[in-house]
Amino acid sequence: MVATESQKPVCPVCHQADQVQTLQEAYESGIERFAPPPMPVGHAPMAMTMAIGVGVIALCSFLIIVLLVPTNFPWQAQVIQAALTVLAIAAVLVFSFFAFRRSVQGDLQSQQLLPAWDNALATWGRLRYCKRDNVVFDPQQTPYKPLSDEELDSLLSVKAAGGQAGEKSERIAQRAS
Ligand SMILES: [Zn+2]
C-alpha cells in the first residue's frame, strides 16, 4: 500500500478509502445534517432595548427643547415638566444599566460554551464519512466503528458539553462562597 493511501482512514463497513470524505466535504456536497456546530452566541435582546432607550431619550430631548422655549404656561406646569424630564432620563439610565448587565451575562454564557464548541468543532473536523455506506466514523477510535446518529449528535452538540461548563462554574461559585 502507498503511504498516502494508508494514512487515509478506511471505512469500517466496506474497508475501502475511496468514498471516505471529511464531514466538511460531505456538508459542502449537500448533506445538511453534517453542518458544522454553530458558534454559541448570547441571546440578550440588546437591539430592542436600545431602540426603546433611544426613543425615550428622543422624547426627553423634545421635552427639554419645549422647556427652553419661553411659553405662557404657569411656572408650576414648567416645574412639573422639568421633573418629568429628569425622571425619564433617570429611568433610561437605570434601564440601560440592566440591559447592559443582561448582555454581559449573555456574553459570559456564550464564553462558557466556547470550549465545548471548540471541542465539537475539532471532532467535526476529525470525523470521516463513507459515501458508499452512509456511515460516519471516528478515525481516532481503533478499531474504526460506525457511529450511530445519537453518538454523532452528542459528539457535535455544544449544549450537552455546555452542561459540564455550567457545573464547573457552579463548583467555582461553591468554592468561592
Ligand atoms: Zn464504506
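Which helix does Ala-47 lie in? Ala-47 lies in helix H3, residues 46-68. Here are some notes to read alongside the structure.

1. Ground rules. This is a predicted model, in which local features need pLDDT of at least 70, side-chain atom pairs count only at pLDDT 80 or more, and totals for chains, interfaces and linings use all residues. Residues are numbered from 1 along each chain as its sequence is written.

2. Overall make-up. The protein has six helices and four strands; these are DSSP runs numbered from the N terminus, with helices (H or I) of at least four residues and strands (E) of at least two. Along the sequence the pattern reads α-β-α-α-α-β-β-β-α-α. Of the 177 residues, 11% are buried. For burial, the count is of other C-beta atoms, placed from the backbone, within 10 Å of a residue's own: 20 or more is buried, 12 or fewer is exposed, and in between is partly exposed.

3. Contacts along the chain. Two residues are in contact if their C-beta atoms, placed from the backbone, lie within 7 Å. Among contacts between residues at least 6 apart in sequence, 70% join residues at least 24 apart.

4. The sheet. Four strands form an open sheet in the order E1-E2-E3-E4, with antiparallel pairing. Strand E1 (20-22) and strand E4 (146-147) stand at the edges with a single partner strand each, so one side of each has no neighbour in the sheet. Two strands count as paired if DSSP finds at least two bridges between them. E1 pairs with strand E2 (residues 128-130) in the antiparallel sense over three bridges, and Val-20 has Cys-130 in E2 as its bridge partner.

5. The core. The largest nonpolar core has 17 residues, and those touching the most other members are Leu-23, Tyr-129, Cys-130, Val-135 and Val-136. Helix H2 (23-28), helix H4 (75-126), E2, strand E3 (135-137) and helix H5 (149-156) each give two or more residues to this core. Such a core is a set of buried Ala, Val, Leu, Ile, Met, Phe, Trp, Tyr and Cys residues joined through C-beta atoms within 7 Å. Leaving aside neighbours within four places in sequence, Leu-23 is in contact with Phe-34, Trp-124, Leu-127 and Tyr-129.

6. Backbone details in the loops. The peptide bond from Thr-142 to Pro-143 is cis, with omega near -10 degrees, and Pro-143 sits in the loop between E3 and E4. His-15, in the loop between helix H1 (3-7) and E1, has a phi near 55 degrees, a positive value in a residue other than glycine. His-15 counts as exposed because it has 9 C-beta neighbours inside 10 Å. Asn-134, in the loop between E2 and E3, is not a glycine either, yet has a positive phi of about 55 degrees. Asn-134 has 12 other C-beta atoms within 10 Å and is therefore exposed.

7. Leu-84 is found in helix H4 and counts as partly exposed, with 13 C-beta neighbours inside 10 Å. Between the C-alpha atoms of Leu-84 and Cys-60 there are 8.9 Å, and 24 residues separate the pair along the chain.
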